[in-house]
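The entries follow the order of my look-ups.

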Amino acid sequence: MNDRAALDLLVSQGPLTRTQIGELTGLSKPTASQLLARLTAAGLVRTTGNVTGRPGPSAQLYEIDPAAAHVAALAVDQLGITAAVADITGRVLGQARVDTDAVPDDTADLTAQLVAKAVDGALAEAGLERRQLHRAVIGTPGALDPQTGLLRYAPHLPGWQSRALREELAEVLGVPLVIENDVNLAAVAEQHDGAAQDFDDFVLVWVDEGVGAAIVLDGRLLRGATGGAGEIGYMPLPGAPLARDGERSAARPDAGGGFQRLVGSPSVVTLAHAYGAPEVRTVAEALARDDVRAEVARRLATGLAAVVAVVDPRLVVLSGEVPQAGGQALRALVEEEFTGLALPRPEIRISDIEGNPILTGALRTALAEARDAVFDTA
């Protein structure tokens, strides 16, 4: 317990002296010295210079040895896979992007080869080899059904429907592997690094080409019996056709019905065309129009009201291409439209995560798993 407390302090606060570790953990100087000697011998801690500029002998600084473990984080979308590799401190050492056409379509283990190619690219940039990896976390649309092992709610990802998907990918990488819903990972990023810090009850609503939500209650992600908690893109709403039989596909990501047909990125651009702006090609261009922004806000508020009425969160975080393009102007309109639609009135924020929140959440999850394993000195 003392070892883990010291390691967690060094992760969160950076280099510390023996005295500082003793003060923060409540341990005596001899016990802190023994602890640091033990962790150094185990390859988990190393010295990193001395404290200077104060009277008396200079005190030695200790830090987590970055080489103690390395993790891979991956974010999957319809066009390809982005991979990042980091050391145990969380410092990203390498990143790579692989498009879905990087491996021939007739390859027997196409998905596994794409994942391996993405990870190998990130490892190469980091100057590392696969044998130096300890954990990997992959964020994908949909979710693994805990009963069948199938990736559900993601028919637009061909090649990801194997019943042994996790085992196949773990085998090709040679490390323990977690496959997690991409929006759930975005919520992990918000909880640790973004707009949902200090909130134990919140909903992250992802509005992009696909639409989904992550529900966090009492600090824990709600997954549901088949992993489908938060698949609000299928939610039936007035003005949208019903989504039946997983109609969304690789060929038609905007097909189907429900909430996604009202607020997904393709629908926002289509809405601008309906309002007489056929030259609009991007979500940002569409949401620059007052009429489109107002209608999208109304649709978002209607869908959010249904979620809030069931979950009653303290906070709703809006993330993905549509909220990022609409910015605070869209958020303010959603908040205004929300008035009177639902009794609970949560705070509404736009995600402020820099970079890819799915990759950030995957990295956070991989680091937590690796630290639990590597920091176990019992």
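Predicted model: local features only at pLDDT ≥ 70, side-chain atom pairs only at ≥ 80, totals over all residues.

**Salt bridges, notebook**

Residues are numbered from 1 along each chain as its sequence is written, and side-chain values use heavy atoms, leaving out hydrogens and water.

I looked up the partner of R152 and found a salt bridge with D145, the closest N and O atoms being 3.6 Å apart (a salt bridge is a side-chain nitrogen of Lys or Arg within 4 Å of a carboxyl oxygen of Asp or Glu). D145 is buried, at 5% relative accessibility.

I asked how many salt bridges this rule gives. The count is 19.

I then took E369, whose side chain meets that of R135 in a salt bridge at 3.9 Å, N to O. This pair links distant parts of the chain, 234 residues apart: E369 lies in helix α12 (residues 357-374) and R135 in strand β7 (residues 135-140). Helices (H or I, at least four residues) and strands (E, at least two) are DSSP runs, numbered from the N terminus. E369 is partly exposed, with a relative accessible area of 33%.

I went on to D290 and R293, which form a salt bridge with closest N and O atoms 2.6 Å apart. They sit three residues apart in helix α10 (residues 290-311), so about one helical turn separates them. D290 is exposed at 55%, whereas R293 is buried at 16%.

My last entry is a network: R4, D8 and D372 are joined by salt bridges that share partners.

Key:
Buried < 20%, exposed > 50% of the residue type's maximum accessible area, 1.4 Å probe, protein only.
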